Amino acid sequence: MEKNDVKSGVESVPHPRIYYYPGCSLMSTARDLGDSLFQMARLVGSWLEELKDWNCCGASPAHSVNQNYALLLAGRNLVLAERQGIRDLFVICPSCFVRLRTAEKTLIAEPDKNDLLEEAVGKRYQGSVRLRFFLEVGSASQMNVFREAVINPLKGLKGVLYFGCLLTRPEWITGFDVLPYEDELRSFVEALGVETLDWGYGKQCCGAHLALTKPDHVDTLVDRIRDHARRVGANCMISFCPLCQVNMELRGKNSEPLPVFYVSELIGMACRLPRTEKWIRKHLVDPRELLAEHNLL
Amino acid sequence: MVSIMQVDRSFIREVEERSGQRFGACFHCMACSGGCPVSDIMDYLPNQIVRMMQLGLRKEVLESRAIWVCVGCYSCVSQCPNRIHIPYMMDALRELALEEGVKIGEPDIWTFHREFLKQVDKRGRVYELEFMARYKLSTMSLFSDMGSGMKMLLNGRLELFPHTVKKLHEVRKIREVCYGKK
């Protein structure tokens, strides 16, 4: 019977094609995120299509040392999307999202920067692409599809939402109204059966790329965050960013490890999407014991 | 009598120009420094950098470790009552430090950025496995942190084969436009 509900939900969505910008980590360090996202899209009957010939957005290193370089690397992707006739481009990684959004705003506001882009890739950015964060795939109606498809409510998981730095910050770039947006994410996670706990570390930086260059300091940052998660009684963390997820599972020395789930994985488990087992195994902190304990596997 | 307060304003003006910020608005309330997650490993706090620029201390600022340690988490921006974008200031300062060829305060972090961007230039995307190996080689830290690297590899978290952008010449051209021809 529940299965039928899933089907009717799927049929109400007209198989839209969703174009996305994967970013370098999606097929690599964030492979579990990638896998679960594809399954999630299938559930709403969407067709995921990659932005063709995308390039790295420049990440932290580009803007750290040459602002124009950062702008044009991100800008090329915008021009590609425009050439490919894409109206809505969904971005998976919050960091890529901020880079692309920043470029979009700058290119429109400063025509001389757009001149530079034209010099490099032979075309100006016209401003016709709407950049969106992947969770926006769930427009109100589609979020309901996920809600209705929950056949395995994740009872027993007590999670803290770890938004990370760039999910909503700064709001004049991301365009999100921070508090309502966070509330929405919280109620969505709760709809999957996860109990979310209040804590004060949801937007404390994980240390980002300093994990390689200053590992000791990143251990301290991660320990502080995880210690707080433990103190409020969490048995898992919920992350939205590939880099946060890796740092939170891999780093920290003086606090007991916690599995860190992407929100898409939670959807996958709650809706018993195929191949869940496959991405669950890719965690650096194995969540299977926790899941088995609550009969969620 | 010689005035001891001959402050060189050219430096701060240059940073204002490059970063699009107005540092005259800074109260030195230290909200940026208080919320900074990496201030523990900075030699100067973010608002101290602003003060040093106001005092014209070009060399001290450009050679500081603080400008390299900032990861751009935007926590300071959200907390600044005047919306001064400290991370944009840091971007501009690193850019200047590199252009002027001063001594780099955090050579390892600069190596990290450089190796990452070499990957971008080579393929248009980042091949994380090679990137990490090259970073380790050039900082002579090949065996530190080996455990976590192996763990990621064994869990299928590192891509084994690189992907390259088809129109790589476009990505190369971007570099040329931004850095001049090599």
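How much area do domain 1 of chain A and domain 2 of chain A bury between them? Here are some notes on that and on the rest of this predicted model.

1. **The answer first.** Domain 1 of chain A and domain 2 of chain A together bury about 2300 Å², and 72% of this lies on carbon and sulfur atoms. On the domain 1 side, the residues that lose the most area to domain 2 of chain A are A:Asp32, A:Gln39 and A:Pro94, which account for 25% of what that side buries.

2. **Where those two domains sit.** The domain assignment places domain 1 of chain A at 2–134 and domain 2 at 151–293. Taken over C-alpha atoms, their centres are 23 Å apart. Contact between them involves 25 residues of domain 1 of chain A and 29 residues of domain 2 of chain A.

3. **Polar features inside chain A.** If you are looking for salt bridges between domain 1 and domain 2 of chain A, the rule finds zero. Across that interface there are, however, four residue pairs in polar contact, with both residues at pLDDT 80 or more.

4. **Which elements take part.** On the side of domain 1 of chain A that touches domain 2 of chain A, α2 (31–43) and α5 (94–109) of chain A are the elements giving two or more residues. The most comes from α2(A), with nine residues. By residue class, this side of domain 1 of chain A has 12 nonpolar, seven polar and six charged residues.

5. **Between the chains.** Now to the partner: 63 residues of chain A are in contact with 58 residues of chain B. The two chains bury about 5400 Å² between them, with 60% of that on carbon and sulfur atoms. A:Val65, A:Tyr69 and A:Leu212 supply 13% of the area that chain A buries against chain B, more than any other three residues.

6. The side of chain A that touches chain B is made up of 30 nonpolar, 18 polar and 15 charged residues.

7. **Chain B itself.** For chain B, the domain assignment gives domain 1 as 10–100 and domain 2 as 107–179. The C-alpha centres of these chain B domains lie 28 Å apart.

Key:
Residues numbered from 1 in each chain as written. Chains lettered and ligands numbered in written order. Predicted model: local features only at pLDDT ≥ 70, side-chain atom pairs only at ≥ 80, totals over all residues. Heavy atoms only, no water. Domains from an automatic or database assignment. Contact = heavy atoms within 4.5 Å. Buried area = accessible area lost by both parts, 1.4 Å probe. Nonpolar A, V, L, I, M, F, W, Y, C, P; charged D, E, K, R; others polar. Salt bridge = Lys/Arg side-chain N within 4 Å of Asp/Glu carboxyl O. Polar contact = N/O pair within 3.5 Å; in protein donor to acceptor, adjacent residues only side chain to side chain. Helix = DSSP H or I, 4+ residues; strand = E, 2+ residues; numbered from the N terminus.
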